[in-house]
Amino acid sequence: MPTTDNIDLSELKRLQCFNDAVFAIVATILVLPIRKLEEKAKENVSLADQLGDRWPQLVIYLVGFLVICAVWESHVLRFRILSRVDDVLVWFNLASLLFTSFLPFTCALEGMFTNKYLPMMLICGNLLTLEILEVVMIVYAFHHPQLLDEEFEELTQPEIRQRMKLMLVKKAVNPILYVVAGVISIAQIQLALVVVAIVIFSPCINRFVGVVYRRVSRIPLTGSEFDRMFGNFVDKERVEFFSDGLFAIVSTLLILDITAEDFPNHRDVERNGIQKTLLHMKSEIFTYGATFVVVALLWFTHHSLFHCIERLNQVMLVCNNISLAFVGLSPLINVTLNRYAGHGKSDSRLAVQSGAIIVFGASIFQAIVLIIALLKGPNFIQSHADPHVSSRAHTYLALKLSVIPLMTFLVYISATVCPSASLSDDVYHIAAGLTPVIFIVMKIVFSCCRRCCRLSLCDVQQEPSYYSSEFYDIIEGD
């Protein structure tokens, strides 16, 4: 029979998954203001002019995406001190998600009106409200011990208060940055954006602040307790959930070009017929398919990478976030190719080069995560991917992570040296179709090599038994 004290207590899992989904959606839809190039632009407006006009929005997208990832990590670390939640904590969490979902609007305002200080102040006020709600939730959790993790049950009340102060000291960094950025935005908006961008590295800053405060206050903490509250290591499962949600949303956004903006209208169908109208859309459909394949392969390499990762530190998490930021720009590839690439279009070369840079950025930062894990040692990499334990599995993973960067590099070079700019679009489609074939061939080759090695091993194991049986036959004959 549940008592009145814990009748509204519930597990964390569903709320965590809901948070991850909301943050993934919020981070992904930041691309919506820039994924659709200006419809009212004149036909003679070049892609270079379009991208030049939109570079402030691209910067705002990148900073906003990484800041949202930092806020998401703050949510993840808050859950690490909890074992369950009650209705009040759920309500505070939902209020926090309300302000989180408002961030794409404020970021879009800043990207559109970069010379106005009010959008930046709205961003800072929004983020400051999120931090205040985080502080409220931490204080509430520490004043309700039944919500805390089991490790806190063995602590005395003074020790629990010490740990609450330590958590609050950590939370003081970001609000200070937001207040400073909001004040600076009145005089210098670009400098205010730089201050906000520091939040991207706030996990590392928070950990440094925690180390200093811990030494000054002489709070006795074990290494695991300190990591729990300051997040030197991030739960790999939560990062996978967040990343999978973002990949899923990006894959879905790709279809908008042919189901919304470029969808056949009644006038074209009545004039040309449904078959001819759809045939006229074949370029958009091929581009959608090619970009979907690219995003799917990026998820595949991300999945293979995290299958071999044992744990993540803050630097690896930031690199993963940067990779996801490039993945979030995938809908922009569709828009750019559909409008500016194709036969007879002079901007095809730049359109394909832009897409190659986006895919290269997404894939190369995945490889950097693996490199950092290898440099950090066996505690960060699974044994089956450790080159000192299994060189074959490590080689296979390294090759998988190198395929997409190499292919995009070749696409960029091919688009650059291609004699006809209008043929660059074909290079993108061919590469998107060829890359899965490379992965399939690589899998077949490694499977054959593994089978050959197994057969060779079996032969080696059988030889001693063969000779030993022959020896005993000779002995018995004598």
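Reader: On what basis are the values computed?

Author: The model is predicted, so local features need pLDDT of at least 70 and side-chain atom pairs count only at pLDDT 80 or more, while totals for chains, interfaces and linings use all residues. Residues are numbered from 1 along each chain as its sequence is written, and side-chain values use heavy atoms, with hydrogens and water left out.

Reader: How many salt bridges does the structure hold?

Author: Side chains of opposite charge can pair when their charged atoms come close. A salt bridge here is a side-chain nitrogen of Lys or Arg within 4 Å of a carboxyl oxygen of Asp or Glu. The structure holds 5 salt bridges. One of them joins lysine 13 and glutamate 237, at 3.4 Å from N to O. This pair links distant parts of the chain, 224 residues apart: lysine 13 lies in helix 1 (residues 13-28) and glutamate 237 in helix 12. Helices are DSSP runs (H or I, at least four residues), numbered from the N terminus.

Reader: Is glutamate 134 buried or exposed?

Author: Buried means under 20% relative accessible area, exposed over 50%, and partly exposed in between (1.4 Å probe, protein chains only). Glutamate 134 is buried, with a relative accessible area of 2%. Its salt-bridge partner is arginine 78, at 2.6 Å from N to O; arginine 78 counts as buried at 4% relative accessibility.

Reader: What span should helix 12 have?

Author: The expected span of a helix is 1.5 Å times one less than its number of residues. For the 18 residues of helix 12 (residues 236-253) this gives 26 Å, and the end C-alpha atoms are 26 Å apart, which agrees. The buried residues of helix 12 include Phe242, Leu246 and Val250.

Reader: Which residues gather in the patch of positive charge on the surface?

Author: Patches are made of residues with over 30% relative accessible area and no salt bridge, like charges being joined within 9 Å. Arg392, Lys443, Arg450 and Arg451 gather in the positive patch. Helix 21 (residues 424-477) contributes the largest share, 3 residues. Arginine 451 is placed in helix 21 and is exposed, with a relative accessible area of 61%.

Note on methods. Patch = residues over 30% accessible without salt bridge, like charges linked within 9 Å, V, L, I, M, F, W, Y side chains within 5 Å. Areas by Shrake-Rupley, 256 points an atom, 1.4 Å probe, with all protein chains shown as cover. Lys, Arg positive; Asp, Glu negative; His and termini not counted. Charge placed at Lys NZ, Arg CZ, Asp CG, Glu CD. Helix = DSSP H or I, 4+ residues; strand = E, 2+ residues; numbered from the N terminus.
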